[in-house]
Amino acid sequence: MKNTLFLFAMLGMTCVAFAQESPSIGIRGGLANGLALKWFLSGDTEAVEGIVTVRGSGSTSTLAIAALYELHNYDFASEALRWYYGAGPHLAMSPEVTEIGIDGIIGIEYRINEGPISLSADWKPSLAIIGAGGLVGDEGAISLRYRLQ
């Protein structure tokens, strides 16, 4: 467990070291609620996103941490609107089980008035490689982020 947390911490520090612009931080709401932090690495087409969520409540809640590498694409008439996809590792912990796996993500993001606020909607399926979770495909969310200056 300590080695897994250390690995996630090292991954996060590496991503911050390569970040090319200020991070965006925000809230994420869906079946699992939490915080999302995103850094763009080169220009605005490659990003790393860290997501921390809690799903459920009380003794049945699950804490999940994901680190995702994302590719952003501008295929729409407006440069404020883009779609993205990516993948990365996750760690999920509940009172019953700890699991390690891989998450995918696909979504759409809109930067409001080309300013520091963005709104996104995504679908984030996950596959537990270690632990009892298996394939989970019901995690979609809406995120509201603010880009720090």
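Trainee: Where is Leu148 found?

Mentor: Leu148 is in the segment after β10; strands are DSSP runs of E with at least two residues, helices runs of H or I with at least four, numbered from the N terminus. This is a predicted model, in which local features need pLDDT of at least 70 and side-chain atom pairs pLDDT 80 or more, while totals for chains, interfaces and linings use all residues. Residues are numbered from 1 along each chain as its sequence is written, and side-chain values use heavy atoms, without hydrogens and water.

Trainee: What separates the C-alpha atoms of Leu148 and Pro23?

Mentor: A distance of 5.9 Å, although Leu148 and Pro23 are 125 residues apart along the chain.

Trainee: Why does Leu148 count as partly exposed, and Ile27 as exposed?

Mentor: Buried means under 20% relative accessible area, exposed over 50%, and partly exposed in between (1.4 Å probe, protein chains only). Leu148 is partly exposed because its relative accessibility is 37%. Ile27, in strand β1, is exposed because its value is 54%.

Trainee: Which residues form the nonpolar patch on the surface?

Mentor: A patch takes residues with over 30% relative accessible area and no salt bridge, joining like charges within 9 Å and nonpolar side chains (Val, Leu, Ile, Met, Phe, Trp, Tyr) within 5 Å. A salt bridge puts a Lys or Arg side-chain nitrogen within 4 Å of an Asp or Glu carboxyl oxygen. Here the patch includes Ile25, Ile27, Tyr110, Tyr146 and Leu148, and its residues together have about 960 Å² of accessible area (Shrake-Rupley, 1.4 Å probe, with only the protein chains shown as cover for residues). β1 (24-30), β7 (117-123) and β10 (140-147) each give two or more residues to the patch. β10 gives the most, three.

Trainee: What is the volume of the largest pocket?

Mentor: A volume is the space filled by probe spheres set on the grid points, which are joined across faces, edges and corners. For the largest pocket this is about 330 Å³. Of its 19 lining residues, Thr62, Ala92, Glu99, Ser126 and Val136 are the closest to its centre. β3 (46-55), β4 (62-73), β5 (81-93) and β6 each supply at least two of the lining residues.

Definitions and conventions: 1 Å grid on protein atoms, 1.4 Å probe; cavity = no way out; pocket = protein on both sides within 12 Å on 5 of 7 lines; lining within 4 Å.
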